[in-house]
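Please view the sequence and the structure together while reading.

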Amino acid sequence: MLNILEFPEVLRLIEDRSAAFRAAIASAPDLDVQVPTCPDWTLRELAQHLGDGRRRQAAIVAAGPGAEPPAKTDPKGAPTAPRDREALDAWLAESTEVMLDAMREAGPDRGCWTWWGRSQAPQTSGAVARHQIQEIAVHTYDVQLTRGAAQPLPTDVAVEGVDEFLTTVSATTVPWPFKPATIDLHATEGRSWRLTLNADGVRSDDLAADAEPGDMVMRGTANELVLYFYDRLPLDRLEITGDTEPMEQLAEWDPNA
């Protein structure tokens with residue numbers, strides 16, 4: 001059974017990473033510089049994206065179950081993030097609190113629309129909250145990198161991030177269209193996972209201690225694994241044994257295409 005954080009801890013980590021994002025934005029000398037890892041955006045536009053996104057998630061969670069996302073959650077046409085630094089910081093803080101209030105009101109088990117209907121992650125507000133930790137954490141890294149002061153994701157966030165990515169983004173019931181394979185992932189912090197890719201889809205499980213090595217084995221810190229997943233680090237930054245083709249195929253494959 002995969003370990004999942006308790007809901008209050010998930011919300012605490014959202015608050016923590018949101019505060020780190022705001023601090024990184026507040027200390028940036030120029031908000032109109034391009035973000036290397038999000039080259040279509042400046043820091044100001046990334047801040048707009050993060051604030052809009054939290055308000056959108058608040059509306060989705062508050063709306064409850066549905067086959068489609070609720071109306072009026074598209075950030076297009078939303079007010080522009082304030083240009084004044086203090087006002088921007090307050091707007092970002094409010095955006096996070098709006099989302100957290102919606103999540104607290106819903107609780108972890110209430111159903112809501114998600115884009116990952118065919119993954120292992122449930123379609124609940126708790127699963128949305130788990131994913132929000134990673135989105136905010138990775139964008140905090142983006143801001144820090146732009147400032148030339150990138151920091152590793154905190155260990156608890158990174159280990160949670162590996163688990164969350166594998167169950168939410170990698171896993172699917174869509175049949176794997178390539179040669180069946182297994183991919184083992186080992187975080188130096190002590191957690192290990194196995195991805196099984198076959199005609200039943202892609203599934204993530206904790207790796208048994210006595211399991212034979214998979215077709216491909218990846219080792220690195222949890223931070224390195226998460227940053228690889230989100231295209232912030234190349235695959236060759238990790239220790240790899242075996243055939244890399246399954247992971248390269250998985251990175252390029254869109255099961256919903």
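Which residue of S5 does Leu197 stand opposite? Leu197 stands opposite Val202. The model is predicted: local features need pLDDT of at least 70, side-chain atom pairs count only at pLDDT 80 or more, and totals for chains, interfaces and linings use all residues. Residues are numbered from 1 along each chain as its sequence is written, and side-chain values use heavy atoms, with hydrogens and water left out.

**Sheet**

- An open sheet of 5 strands has the order S5-S4-S3-S6-S7, with mixed pairing; strands are DSSP runs of E of at least two residues, helices runs of H or I of at least four, numbered from the N terminus.
- The edge strands, S5 and S7, each pair on one side only; two strands pair if DSSP finds at least two bridges between them.
- Neighbouring strands of this sheet are turned by 15 degrees against each other on average, direction ignored.
- Strands S4 (residues 192–198) and S5 (residues 201–206) run antiparallel and are joined by 6 bridges; they form a hairpin with 2 residues between them.
- S3 (residues 181–187) and S6 (residues 216–220) pair in the parallel sense over 5 bridges, and Ile183 stands opposite Met216 in S6.
- Helix H7 (residues 245–252) packs on the sheet and touches S3, S4, S5 and S6; its direction makes about 90 degrees with that of S3.

**Helix pair**

- The axes of H2 (residues 43–63) and H4 come within 11 Å and cross at roughly 175 degrees; axes are lines fitted to C-alpha atoms, for helices over the stretch in contact, and angles run from 0 to 180 degrees between N-to-C directions.
- H2 and H4 are therefore roughly antiparallel to each other, a term for angles over 145 degrees.
- The contact (heavy atoms within 4.5 Å) includes Leu46 and Leu50 of H2 and Val128 and Ile136 of H4.

**Core**

- The largest nonpolar core has 72 residues, and Ile14, Met103, Leu185, Met218 and Phe229 have the most contacts inside it; such a core is a set of buried Ala, Val, Leu, Ile, Met, Phe, Trp, Tyr and Cys residues joined through side-chain atoms within 4.5 Å.
- Helix H4 (residues 125–146) gives the most to this core, with 9 residues.
- Not counting residues up to four places away in sequence, Met218 touches residues including Ile183, Leu185, Tyr228 and Met247.

**Loop residue**

- Asp231 is found in the loop between helix H6 (222–229) and strand S7 (239–242).
- Asp231 has a positive phi of about 60 degrees although it is not a glycine.
- At 69% relative accessibility, Asp231 counts as exposed (over 50% relative accessible area; buried is under 20%, partly exposed in between; 1.4 Å probe, protein chains only).

Technical notes
Angles under 35 degrees count as roughly parallel, over 145 as roughly antiparallel, 65 to 115 as roughly perpendicular and the rest as oblique.
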